[in-house]
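Visitor: Hi, could you walk me through this one? I'd like to hear about contacts between side chains.

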Amino acid sequence: MPAGALTSQRWRENAPVTFSPQNRPVLGYDGVAASTQSLGSAAGAEMLTAGGNAIDAAVATMFALSVVEPMKMGIYGAGFMNIRLADGRRIAIDNYSQAPGAATMDMFTPVSDEWPNYMRARGDLNQTGVSASGVPGSLKAWCEVQSELGNLSLSEVMQPAISHAENGFRASEHYCGFVAGNTDLLRQYSATSSIFMPGGEVPKPGDMVVQRDLASTLKRIAIEGSDYLYGGELGEEIVRYSQSQGGIITMDDLLGYRTRRGEPVSGRYRGYTVTGPRPSSAGGLHLIEFLNVLALRDIGDMGFGRSATIHLMAEAMQLVFADRNRYLADPEFQEIPFDRLLSEFHAKELMSRILPNTVMPELASPLLAESDDTSHITTADREGNIVSATQTINHIFGSKVVVPGTGVLLDNTMANFDPHPNLANSVEPYKRVASSMAPVIVYRGERPAFALGLPGGIRIWPSVAQAIVNIIDHGMTPQEAIEAPRMFTQGQEVELEEEFGSEAASSLRNIGHNVTMVKNVAGGMNIIEFGDDSTLAGSSCWRSDGGAVAVSRGTAREGVGLTVIEPSGASESTE
């Protein structure tokens, strides 16, 4: 069956909530690049057109996004990648940031032991300023995978990013809204405000955003690679500036950073294999744990959008989040009981605690907060290479600090550590913070079925789980699945997107749920579906400026367009 050809209406026949997708899928044979910003996707598609593979497309997209979506991701950031190679190998890469060597458990003073301020520190030092910044992993990982797995050179895949930084890109309404919502913080740092608020004003949609210092930095990276940051002049400048502002990062921290690699976390769901990142991300382990619970009920028969279905998912989410809060941390600092959490016995144990029409008491575990604002990319090529990658600088505009003269915006990933000491996710030197990122690839047998992901902090893996359920249980097309209304809870109120409607909210309230209606749960998801006839279908949803670009290269037949023009008079006799 061609990718994107599914038009099943089965879910509509058993659903009190219906909707129509806002966007449309794109189809290609040579490759697809999808991301949370269309200019990023176009950069990836350009590499596919130039003979690059999915890895070239992914790296080009990530560099481009670091320029055109700078408030969400950048070279001084963090993330996770899930890669499937044409030969069938599966690679999970952890390029999340880690605490500097001088970090301590008591470096931040928590302001509260209660939600919603549980994760805040006094003076917001874990959110804003140089102390909020961890040791980055993004540039290291992007350069490594490009060198090892790409077809093109680093310089080639960076050209779209360099061009957008040097010549500018047009600000969207989405971009301008983020600047407008952070003006007070951006004005605290002159190098930051001069880029994102030129003249002290919030840009208007259509204004050009130019980042010439960043363009110069990217040009040096295109020549020197990641060494320019991890031990080179860029690293020295960042360390010098950070320490002058009271930061604790050192050159040894940058020189000592390593990406982590391994097999993706893997589990089964109704005949499909679901693969995701390894801890310190929750996106593989707890996604699969959650699906294991749902597998014990016929979700398709229960129906999409019905209160019983939402109730079951809400109760299961609360139980899985309790496990996440209890166990998930950097696996080099704490043992994680993988086998037990992913066992059928544990799934049945959790299901036994879920009762119809009865809301369980809120579990006594701290509620976590991660930034909703991240970027996700999905790329694939005709040879079978696939990349699903989620990357971030954490909160919007990260730490809000641009290092003068470099154009580099520092992350604030230290905000994701629990500021309270002696807990699984407390600050420790060289420790990686727990994350909820879920770049996922789903297989049917050995063949890829679809790959997907999205931004959204703690709402990421629950949103990916819902998209998987929408496709496998409810029979939605991938475009429908990623645009469908979402829900979320970690044990507090149940968030329902407005499209679920008042009837679903009323039914849930009647059985005891505290329901909050919201415009969106998490951010813009993108997905690539793999057809039986080698077609690739890319989709993105309405929750971001995202887009998918498909590539189908053509080759002229031999001899076509070749015209031989004889010299004037050549046919005349000279005798």
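**Charges, rings and a helix**

Guide: Happy to. Let's begin with Arg12, which counts as partly exposed at 24% relative accessibility. Keep in mind that this is a predicted model.

Visitor: Thanks! Which residue does Arg12 form a salt bridge with?

Guide: Its partner is Glu480, and the closest N and O atoms are 3.7 Å apart. Arg12 lies in helix H1 (residues 10-13) and Glu480 in helix H18 (residues 478-483), so the pair ties together parts that are 468 residues apart in sequence.

Visitor: And Glu480, buried or exposed?

Guide: Glu480 is buried, with a relative accessible area of 6%.

Visitor: How many salt bridges are there in the whole structure?

Guide: A search of the whole structure finds 23. One of them joins Asp124 and Arg120, with 2.9 Å between the closest N and O atoms. Asp124 counts as partly exposed at 23% relative accessibility, and Arg120 also counts as partly exposed, at 35%.

Visitor: What about Glu495, which residue does it form a salt bridge with?

Guide: That would be Arg459, the closest N and O atoms being 2.7 Å apart. This pair links distant parts of the chain, 36 residues apart: Glu495 is in strand E17 (residues 494-497), while Arg459 is in the loop between strand E15 (447-453) and helix H17 (460-472). Both Glu495 and Arg459 are buried.

Visitor: Which residues are linked in a network of salt bridges?

Guide: Glu144, Glu148 and Arg261 are linked that way.

Visitor: Let's switch to helix H4. How many residues does it have, and what span does it reach?

Guide: H4 (residues 138-149) has 12 residues and reaches 16 Å from its first C-alpha to its last, close to the 16 Å expected.

Visitor: Why is H4 described as largely enclosed by the rest of the structure?

Guide: Because 9 of its 12 residues are buried. Among them are Leu139, Lys140, Trp142, Val145 and Leu149.

Visitor: You listed Lys140 as buried. Which ring does its charged end sit over?

Guide: The ring of Tyr230, with the charged end of Lys140 4.7 Å from the ring centre. There is also Arg90, whose charged end sits over the ring of Tyr443, 3.8 Å from its centre.

Visitor: Nice, rings next, then. How many aromatic pairs does the structure hold?

Guide: It holds 10 aromatic pairs. In one of them, the rings of Phe19 and Phe304 have their centres 6.4 Å apart and their planes at 55°, so the pair is tilted.

Visitor: Where in the chain are Phe19 and Phe304?

Guide: They are in distant parts, 285 residues apart. Phe19 is in the loop between H1 and strand E1 (26-28), and Phe304 is in the loop between helix H13 (299-302) and helix H14 (307-327).

Visitor: Are those two buried or exposed?

Guide: Phe19 is buried, with a relative accessible area of 5%. Phe304 counts as buried too, at 5% relative accessibility.

Visitor: Last one: which residues form an aromatic cluster?

Guide: Phe290, Phe321, Trp461 and Phe488 form one cluster.

Definitions and conventions. Residues numbered from 1 in each chain as written. Predicted model: local features only at pLDDT ≥ 70, side-chain atom pairs only at ≥ 80, totals over all residues. Heavy atoms only, no water. Helix = DSSP H or I, 4+ residues; strand = E, 2+ residues; numbered from the N terminus. Expected span 1.5 Å × (residues − 1). Buried < 20%, exposed > 50% of the residue type's maximum accessible area, 1.4 Å probe, protein only. Salt bridge = Lys/Arg side-chain N within 4 Å of Asp/Glu carboxyl O. Phe/Tyr/Trp six-rings, centres within 6.5 Å; stacked < 30°, edge-to-face > 60°. Lys NZ or Arg CZ within 6 Å of the ring centre and 35° of its normal.
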